[in-house]
Amino acid sequence: MNIDVQTLRWYAAVAQQLHFARAAQSLGISRIRLSKTVVELEEQLGVDLFVPGASPTELTADGRDLLERALVEIAEDDHLSELADVAAAEPTTFTIGFAEGVTLSKWTRIWADRFPDVTLSVVATTPETQVAALRDGTVDVSFVRPPIDREGLNAIGLYQEVQVVVVPKDHAVAAFDSVTATDLADEHLLADPATVPEWAAVATELVDGTRPGLPPMNSVSETFEYVAAGLGVAIVPHSVARFNARKDLVYRPVTDIEQSQIALAWVAEREDDRIEEFIGIVRGRSTRSSRGPSDEAPVKKKKARPSKPARPVAKTKTNARRSGKRR
């Protein structure tokens with residue numbers, strides 16, 4: 001049927017109400033305009049849609065047939081309009097938060113291949129902002145470094161990475177492939193001791209009460225500036241040290257402290273198919289795989305990979321300047 005939908009809507013209004021004036025009023029147009037449209041429609045089809053001279057208004061057989069077909073096309077048009085409204089209301093951008101050191105390129109590339117119409121946006125987070133960004137809707141999902149406040153959140157453990165100590169390149173630690181927390185006992189840690197309990201358990205400055213206050217540090221780069229100035233050492237995940245690498249600093253694995261974990265987190269109450277799709281991508285699910293539950297999964301243990309093969313470190317001394325075998 002090669003008739004525009006608006007004309008069909010106008011015709012259906014008259015055909016259902018069998019009254020031109022009331023139909024025109026319900027459509028918000030003049031009676032004359034409606035009558036002219038119906039006449040033009042009859043001329044286009046070459047049939048009478050209303051019985052000529054009938055009072056009250058009466059449909060012909062052709063008119064009844066057209067009304068049935070018109071209602072079908074009107075319903076189809078309404079359905080398409082609803083779908084378009086839903087699509088227009090859906091966000092066209094999916095936002096991912098990420099902790100420093102997390103590389104997103106693999107997952108964003110797969111997303112772009114599967115969902116080219118949904119743009120990915122990325123937001124860098126810090127330990128202080130990673131959960132807040134999820135709760136306030138700044139990001140849809142986020143790669144976080146636990147521990148985090150899990151209330152109202154779902155999280156999937158992804159992998160772990162070794163932690164390293166960052167020191168000036170002329171520091172004694174630079175002579176070793178790896179060290180232990182005991183080897184760093186005499187060092188000043190530029191962080192809250194609670195974040196590295198293995199070091200805190202043996203730290204000389206905590207035992208004798210000589211630990212000085214920490215300088216203001218708002219970023220890893222600022223912390224590394226203090227390290228370069230010889231004011232202390234930093235212990236950070238390997239990827240963070242690599243991301244902030246400097247020629248005047250070196251980093252070595254600390255073999256006996258808890259590794260840093262990376263998890264994917266999102267707000268539990270969020271019902272968004274895009275979150276499920278992204279979880280599937282991160283988990284390695286193919287486009288043909290069926291979706292599984294997105295509950296917390298066991299963390300995959302990832303073997304620590306130091307920058308060079310680790311050698312045994314002699315533990316006869318507690319100070320890293322005198323302990324371990326030189327390379």
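Which residue of S6 is the bridge partner of Gln 163? Select Gln 163 and Pro 237: Pro 237 is that partner in S6. The tour returns to this sheet below.

**Before starting**

This is a predicted model, in which local features need pLDDT of at least 70 and side-chain atom pairs count only at pLDDT 80 or more, while totals for chains, interfaces and linings use all residues. Residues are numbered from 1 along each chain as its sequence is written, and side-chain values use heavy atoms, with hydrogens and water left out.

**Whole chain**

Colour by secondary structure: the chain has 11 helices and eight strands. Helices (H or I, at least four residues) and strands (E, at least two) are DSSP runs, numbered from the N terminus. Of the 327 residues, 41% are buried, that is, under 20% relative accessible area with a 1.4 Å probe and protein chains only; exposed is over 50%, and partly exposed lies in between. Among contacts (heavy atoms within 4.5 Å) with a separation of 6 or more, 69% join residues 24 or more positions apart.

**The three-stranded sheet**

Select S5, S6 and S7. They form an open antiparallel sheet in the order S6-S5-S7; two strands pair if DSSP finds at least two bridges between them. S6 (234-237) and S7 (249-253) are the edge strands, each with a single partner, so one side of each has no neighbour in the sheet. The twist averages 35° from one strand to the next. Strand S5 (residues 163-168) pairs with S6 over four bridges in the antiparallel sense, and the pair Gln 163 and Pro 237 belongs here.

**The five-stranded sheet**

Next, show S2-S1-S3-S8-S4, the order of five strands in an open sheet with mixed pairing. S2 (119-125) and S4 (153-161) stand at its edges with a single partner strand each, so one side of each is left without a neighbour in the sheet. Neighbouring strands here are turned by 20° against each other on average, direction ignored. Zoom in on S1 (residues 93-99), which pairs with S2 in the parallel sense over seven bridges. Within this pairing, Gly 97 has Val 123 of S2 as its bridge partner.

Rings of Phe, Tyr and Trp (its six-membered ring) pair if their centres lie within 6.5 Å; planes under 30 degrees apart count as stacked, over 60 as edge-to-face and the rest as tilted. By this rule there are eight aromatic pairs. The rings of Phe 94 and Phe 278 have centres 5.8 Å apart and planes at 50°, so this pair is tilted. Phe 94 is in S1 and Phe 278 in helix H11 (residues 273-282), so the pair ties together parts 184 residues apart in sequence. Both Phe 94 and Phe 278 are buried.

**H1 against H3**

Move to helix H1 (residues 5-17) and helix H3 (residues 31-45), which pack at about 105° with axes 10 Å apart. Display side chains for Thr 7, Trp 10, Tyr 11 and Val 14 of H1, and for Arg 33, Leu 34, Thr 37 and Leu 41 of H3; these make the contact.

**Last stop: Arg 135**

Select Arg 135 in helix H6 (residues 130-135). Arg 135 is partly exposed, with a relative accessible area of 41%. Arg 135 touches Asp 149, Glu 151, Leu 153 and Val 267, not counting residues up to four places away in sequence.

Conventions: Axes are lines fitted to C-alpha atoms, for helices over the stretch in contact, and angles run from 0 to 180 degrees between N-to-C directions.
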